[in-house]
Amino acid sequence: MNRDSRIVPSRYPKRAHHDPETIYPILDEALFCTMSFVHEGRVRSIPQSIVRVGDAVYFHASVGSHFFRSLAELEEVCITVTLADDIVVAKTAFNHSVNYRSVVMWGKPEVIDEHDEKYAAFKTLTEKMVPGSWDYLLPMTDKQMAKTMAIKVPITEASAKVRQGPPSDVESEEPIWTGLIPIKPLRGAPVPGPDAAGISLPAHLVSPTSVKE
């Protein structure tokens, strides 16, 4: 990865990490990101699902999307993800914080037309969102492939920033509670749709907290 001053945070630079061993697991855990870019002189920001394959991230969009069709003409986009783990409760409101892991990355987007790469990106994204579901679902058709755009952004510049640990507070003997309030999202039990009445929950959706229908 290239490195320049924009991937070094101005606050708490010691929390920054530039190695793939830190950056990639954060990208792999994040289900969603924000993609920002300048289009026709205006700043655009679009929430997107995200998946990493090797040294690039992939997105999907409708081929009818005006914004996404224009991405291939751009020199770069900025992509950000944030995973919030805990609210950090200190003795003073000033020292409240959040335990988090975040990534900011830049890269030049590319629209993928090659069938196998496009298919693999969609499969990997689907498996990330609902592990084990690809082979259970109806196969993706050529018509569906044609209606869906795949965008690849190589991870050419990236920086992670991480804060983990207990509160950092002024020294005081006041009996004020401090600690962590976990806020990390968890997957709940699947809720069947109207067409799933009487259909058993498939094995890939069963978890210790899931209830079979």
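Tutor: Let's start with a definition: we call it a salt bridge when a side-chain nitrogen of Lys or Arg lies within 4 Å of a carboxyl oxygen of Asp or Glu. Keep in mind that this is a predicted model.

Student: OK, so how many salt bridges does that rule give here?

Tutor: The count comes to five. One of them joins the side chains of Arg101 and Glu29, with N and O 2.8 Å apart. Arg101 sits in strand S7 (residues 97–107) and Glu29 in helix H1 (residues 20–29), so this contact ties together parts that are 72 residues apart in sequence.

Student: Which other residue meets Arg101 in a salt bridge?

Tutor: Look at Asp85: its side chain meets that of Arg101, with 2.8 Å from N to O. Asp85 belongs to strand S6 (residues 77–89) and Arg101 to S7, so here the parts tied together are 16 residues apart in sequence. Asp85 has a relative accessible area of 7%, so by the cut-off it is buried.

Student: And which residues are linked in a network of salt bridges?

Tutor: The network links Glu29, Asp85, Arg101 and Lys184.

Student: How many bridges join S4 to S5, and what lies between them?

Tutor: S4 and S5 run antiparallel and are joined by three bridges. They make a hairpin with two residues between them, and Gly54 in the turn has a positive phi of about 65 degrees. To see how the strands line up, find Arg52, which stands opposite Val57 in S5.

Student: What about S5 and S9: how many bridges join them?

Tutor: Seven bridges join S5 (residues 56–62) to S9 (residues 148–154), and the two strands run antiparallel. You can follow the pairing residue by residue: Ser62 has Thr148 of S9 as its bridge partner, and Ala61 stands opposite Met149 in S9.

Student: How many residues of S5 and of S9 are buried?

Tutor: In S5, five of the seven residues are buried, so the strand is largely enclosed by the rest of the structure. S9 is also largely enclosed, because five of its seven residues are buried.

Student: And how many bridges pair S8 with S9?

Tutor: S8 pairs with S9 over three bridges, in the antiparallel sense. For a landmark, take Ile112, whose bridge partner in S9 is Ala150.

Student: Which residues of H3 are buried?

Tutor: They are Lys118, Ala121, Phe122, Leu125, Lys128 and Met129. These residues cover an arc of only 130 degrees around the axis, which means they are on the same side of H3.

Student: What happens at the start of H3?

Tutor: There, a side-chain oxygen of Glu114 comes to within 3.3 Å of the backbone nitrogen of Asp116.

Student: Which residue forms a salt bridge with Glu117?

Tutor: It's Lys152, and the closest N and O atoms of the pair are 3.5 Å apart. Glu117 lies in H3 and Lys152 in S9, so the two ends come from distant parts of the chain, 35 residues apart. Glu117 has 25% relative accessibility and counts as partly exposed. Lys152 is partly exposed as well, with a relative accessible area of 22%.

Definitions and conventions
Residues numbered from 1 in each chain as written. Predicted model: local features only at pLDDT ≥ 70, side-chain atom pairs only at ≥ 80, totals over all residues. Heavy atoms only, no water. Buried < 20%, exposed > 50% of the residue type's maximum accessible area, 1.4 Å probe, protein only. Helix = DSSP H or I, 4+ residues; strand = E, 2+ residues; numbered from the N terminus. Arc of directions from axis to C-beta. Polar contact = N/O pair within 3.5 Å; in protein donor to acceptor, adjacent residues only side chain to side chain. Pairing = 2+ DSSP bridges.
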